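Subject: Structure handover

Hello,

Please find the structure below, followed by notes on what was found in it.

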Amino acid sequence: MMESLLNDRAPDARTIRENIRGIRERMAEAAVKAGRDPGEIQLMAVTKTVPASRVNLALQEGVRLLGENRVQECCEKYQNYACGANAIHFIGHLQTNKIRDIIDKVGMIESVDSIRLSAALQAECEKLEKSLDILLQVNIGAEETKSGFLPEALLPAAKEIRERFPSLKIRGLMTVPPRAEGDYWLQKTRELFEKMKDSSPEGHEPAVLSMGMSEDFEAAIGCGSTQVRIGRGIFGERK
Ligand SMILES: *Cc1c(COP(=O)(O)O)cnc(C)c1O
């Protein structure tokens, strides 16, 4: 991707640093308010449209996790990132024909949204003789415009994936909930995550609840999120 297609209004280094400090403070306050240990909540920097040079400023500031939405954009930027593949998670809708391009560039796919995608990931893992950490994406509000398992399909899907696709390691749940008044959808996701834990084999309980973005991360932390995905709050508005 040409740099000119990327966000040329990205804030300077100092602003990115201050943004990250501000987000971290608010994360810690939200955690304490919810009676949680701030150390159990990870900050992901979501990089869509942001040039690698700006993304590296976030890494310099101690951010340990990047979120990538688009396969092509990730492939063009990742070599310039000052971090390894394990620190990069894929969070966008993944087409099966793009699996091969992305699978060796990320440490986790957070957006597994169908059995069909899971089957294709399993096949690629077998070829490469590797296992893959995944999150199941849940379309908690059953919105037509969003991908993800419907809430009622989530637990059966987790069971099927565990049984049929042994190379895929389910680490938890990811969601982009509807914008709504209050915590309704965040609470619904927390309940589903608890059920998912209860129905997992002992010793394999999922630990990651990836929930919360720039607008709602404090509420998400109040509802049990262990990973917030922040784009604009760190890098400014996208074009
Ligand atoms: C863009 C995006 C984010 C970050 O959203 P912001 O509102 O910029 O913080 C988080 N998660 C996903 C899946 C996204 O696509």
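The structure holds 17 salt bridges, a salt bridge being a side-chain nitrogen of Lys or Arg within 4 Å of a carboxyl oxygen of Asp or Glu. This is a predicted model, in which local features need pLDDT of at least 70 and side-chain atom pairs count only at pLDDT 80 or more, while totals for chains, interfaces and linings use all residues. Residues are numbered from 1 along each chain as its sequence is written, and side-chain values use heavy atoms, with hydrogens and water left out.

Salt bridges

Side chains of opposite charge can pair when their charged atoms come close. One of the pairs joins glutamate 73 to arginine 70, with 3.2 Å between the closest N and O atoms. Glutamate 73 is buried at 3% relative accessibility, whereas arginine 70 is partly exposed at 43% (buried is under 20% relative accessible area, exposed over 50%, partly exposed in between; 1.4 Å probe, protein chains only). Lysine 146 and glutamate 143 form another salt bridge, at 2.8 Å from N to O. Lysine 146 is partly exposed at 27%, and glutamate 143 is partly exposed at 24%.

Ligand site

A polar side-chain atom of serine 214 is 2.5 Å from a ligand oxygen atom. For arginine 229, an N or O atom of the side chain lies 2.9 Å from a nitrogen atom of the ligand. At glycine 231, a polar backbone atom is 2.8 Å from an oxygen atom of the ligand. The protein covers 90% of the 390 Å² of accessible area that the ligand has on its own (Shrake-Rupley method, 1.4 Å probe).

Regards

Technical notes:
A polar contact is a pair of N or O atoms within 3.5 Å; within protein, one must be able to donate a hydrogen and the other to accept it, and residues adjacent in sequence count only if both atoms are side-chain atoms.
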